[in-house]
Amino acid sequence: MNDPVNDSVNAELQELAESVFADARGAGTNFDAELWKTLDDTGLARLTLPGDAGGSEGTFSDAAVVLAAAGAHAARVPLVETDLLAGWLLHSAGIAVPAGPLTAVAGELEVAGTGVRGELRRVPWARAAAGVVVLTAGHVVLLGPERLTVTDGANLAEEPRDTAVVQGEVAPTAVAALPGGAAEEFRLRAAFGRAQLLAGAARGALAASVRYAGERVQFGRPIGRFQAVQQQLALAAAEVAAASAAASAAAAAVTAGGFTAPASRFAVAAAKARTGEAAGAVARIAHQVHGAIGFTREHDLRLTTTRLWAWRNEDGSDAEWNAEIGAAALAAGPDGLWPMVTGSP
């Protein structure tokens, strides 16, 4: 049964998020400090964190709405990293959550008391973060920027994926024991956040393609009136619908049962696999519709399509998550498969 109150809240949240991200859309590659300030002021930057961690106490369904809008408009901010990963991990470990944008990574560090040393690779947004949270063997460590030597790196979409080197002492309050089950939940949270971004980016690429098909005139009429183009756009729309449905189902599952429930793990795996599969198809069709112009660096289409290509392989590839789905289906057996897929008792 639909909940009119929650539906109304989500509609208002979506309107706010779309407005904020649309106003900030741009072709730069660096951290968008102005957008981050707006997100911080509106409570969207730490949406799911509890109030005592500086959060807005929103649900994961709320986070899905905001992240999809961020993906659709190619937002240059570490939302998943700050809210779903770093903030959550720090709060769970009893470490105070600092202000500002944060990032998080699972990596190998040598931790001896308050002494920390090691190298972290492909850290999202490390150069812009007020703190890097590391999930390492048995520990959660908060590293301030003054403790790090950062070498810039990037993914295919030119988002920061940096190398960070640390060697020295940290404050006793910046190191804590890793909570039980945190490593697996970290993995699921990262995949969940990435799936929401992918669903949004696919929607953004489709919207750009539909708009262009209505504007580009060939042989005396918009190319969107040609049946071949209409068929391709319909295929892309079907992929976007499937990706959005899988991402929304995962949001509903983790909102209802948290990340530790078997149904939530299955839903997150399905969402990451399905949005990743849609990413390739939607990006291909978007570029076909745009023709050669869509491949140029100057064209805005690349802002979503390069993210689709980059994100589908981050936080677990399609193959990895499909293998997990297959293993879960085999474990459920003939009698348990249907309830697992449908969520029915």
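The mean positions of the 26 positive and 37 negative charges of the protein chain lie 8 Å apart. Lys and Arg count as positive, Asp and Glu as negative; His and the chain ends are left out. Each charge is placed at NZ of Lys, CZ of Arg, CG of Asp or CD of Glu. The model is predicted: local features need pLDDT of at least 70 and side-chain atom pairs pLDDT 80 or more, while totals for chains, interfaces and linings use all residues. Residues are numbered from 1 along each chain as its sequence is written, and side-chain values use heavy atoms, without hydrogens and water.

The protein chain contains nine helices and ten strands. These are DSSP runs, numbered from the N terminus (helices H or I, at least four residues; strands E, at least two). Of the 345 residues, 50% are buried, that is, under 20% relative accessible area with a 1.4 Å probe, protein chains only.

R76 sits in the loop between helix 3 (60–72) and helix 4 (79–93). R76 is buried, because its relative accessible area is 13%. The side chain of R76 reaches the backbone oxygen of N30 at 2.5 Å. This is a polar contact (a pair of N or O atoms within 3.5 Å; within protein, one able to donate a hydrogen and the other to accept it, with residues adjacent in sequence counted only if both atoms are side-chain atoms). Leaving aside residues up to four places away in sequence, R76 touches A24, G26, G28, T29, N30, F31, D32, L35, W125 and R307. Contact here means heavy atoms within 4.5 Å.
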